[in-house]
Amino acid sequence: MANLLVTGGAGFIGANFVQYWAKQYPQDRIVVLDALTYAGNLASLQPVSDHEQYRFVRGDIVDQDAVAALLREEQIDTIVHFAAESHVDRSISGPAAFIDTNIVGTHNLLQAARSVWLDSDSAPMSHRFHHVSTDEVYGSLGPTDPGFNESTPYAPSSPYSASKAASDHLVRAYHHTYGLQVSTSNCSNNYGPYQFPEKLIPLMIVNALDGKSLPVYGDGSNIRDWLYVEDHVRGIDLVIKKGTVGETYNIGGNEEHSNLDIVKTLCATIDAVFSDNSELAERFPHAPSVGGSATASLITMVKDRPGHDWRYAIDASRIENELGFTPSHDFDSGLRRTVTWMLENEAWWRAILDDSYRDWIEDQYEQR
Ligand code: NAD
Ligand code: TYD
């Protein structure tokens, strides 16, 4: 039995992780610590709200004393650290929050863990600090470069990836210097249920359903490797349970696609679901299919993102060979599942698009 602290558990990947862990290991205590920034959403944790071993705490990872007190109170032995500012475009327009949360926040979390797990009067307890990071720390690849492996030198190029790179180095330093039992996973682009509709795939789906333009940056040739979020959380589970302390594992889907191809595939998928289900026309009267047009007619090429990394690709042979990880969803099936989930969970994303949503969340929190 373990006592987990999941930071950023109300975000996209964190919420998927909490739902997975509660099902997989029902005896484990799961304490979610989340500041509920614009990206945090209690509705994403609703499926575990009745789980006996679950507790939600609203708090900031920068607050080292509060984190240390929570670690002691809940006798936490495992930290799974998702909390971050995660959107590259926001890091370009406002980098300061990325420095605060991703660098200072991660450092303060490490300090809190060190003070409770290593520096207390009692003998050091068995523990694990798992840090969730990104392939973006390795920078951008050319068309024929091999995928990133765990020895690829760091070359981050956006304020987001630079802040994540700094956090990775701090996590490693706390292992080498103080003996903190850490592990890190660097994963490629995720997609799936509960993703905030500012990221490529959910944004394109909600815009297509509402008949709004689908903005593709630059010429749309930029390539990412895509992994369905359930596969990512399974990979993290493997690293926590079977990975070597102090090591890093790259996780990827072996699914490289250009942005324009992805948007076109999504458009075709949406056209197909509308032609199979006549009820959708009533729910989404502005969708192009309703007026007899193709969803792809909404695609609009727009000004490129500054410093836009061209290609990311992952060499996942280490986690495959050492821990037996393989993704169970390919991109086509993952995309279809994601579109289906968005259609079945319109209330979840409508609430986010609604301006009054943040106020509602504040009210909900005040009433708890
Ligand atoms: P997200 O933006 O959806 O969620 C982040 C969560 O962290 C939110 O719930 C937010 O409220 C919380 N948070 C932010 N600042 C906080 C603070 N100071 N204290 C406490 N909580 C705070 O992010 P995501 O897409 O779920 O990503 C989770 C982690 O995975 C991040 O560390 C990210 O770098 C990493 N990652 C993401 C992807 C991806 O494709 N989304 C890929 C690889 C790695
Ligand atoms: P994003 O989902 O923001 O993830 P990241 O930048 O972390 O990879 O973007 C994925 C890709 O899609 C990236 O190359 C930028 C591109 N993109 C668009 O073309 N249009 C958009 O509206 C968004 C949000 C992203």
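Visitor: Which residues come nearest to ligand 2?
Guide: There are 17 residues around ligand 2 in this predicted model. Of these, the ones that come nearest are Glu136, Pro215, Arg224, Arg305 and His308.

Visitor: How far from an oxygen atom of ligand 2 does a polar side-chain atom of Arg305 lie?
Guide: A polar contact is a pair of N or O atoms within 3.5 Å. Asn189 places a polar side-chain atom 2.9 Å from an oxygen atom of ligand 2, and Tyr217 brings a backbone N or O atom to 2.9 Å from an oxygen atom of the ligand. For the polar side-chain atom of Arg305, the distance to a ligand oxygen atom is 2.6 Å.

Visitor: What percentage of the accessible area of ligand 2 does the protein cover?
Guide: On its own, ligand 2 has 510 Å² of accessible area. The part of this area that the protein covers is 96%.

Visitor: Which elements give two or more residues to the shell around ligand 2?
Guide: The shell residues divide into seven nonpolar, five polar and five charged. Two or more of the shell residues come from each of the elements α6 (200-209) and β8 (214-217).

Visitor: Which residue in β10 stands opposite Thr184?
Guide: Strand β6, residues 182-187, runs parallel to β10 and is joined to β10 by four bridges. Both faces of β10, residues 248-251, are covered, with Thr248 and Asn250 buried on one side and Tyr249 and Ile251 buried on the other. The β10 residue that stands opposite Thr184 is Thr248.

Notes
Residues are numbered from 1 along each chain as its sequence is written. Chains are lettered from A and ligands numbered from 1 in the order in which they are written. This is a predicted model: local features need pLDDT of at least 70, side-chain atom pairs count only at pLDDT 80 or more; totals for chains, interfaces and linings use all residues. Side-chain values use heavy atoms; hydrogens and water are left out. A residue is near a molecule or strand if one of its heavy atoms lies within 4 Å of it. A polar contact is a pair of N or O atoms within 3.5 Å; within protein, one must be able to donate a hydrogen and the other to accept it, and residues adjacent in sequence count only if both atoms are side-chain atoms. Accessible areas come from the Shrake-Rupley method with a 1.4 Å probe; for residues, only the protein chains shown count as cover. Ala, Val, Leu, Ile, Met, Phe, Trp, Tyr, Cys and Pro count as nonpolar, Asp, Glu, Lys and Arg as charged, and the others, Gly among them, as polar. Buried means under 20% relative accessible area, exposed over 50%, partly exposed in between (1.4 Å probe, protein chains only). Two strands pair if DSSP finds at least two bridges between them.
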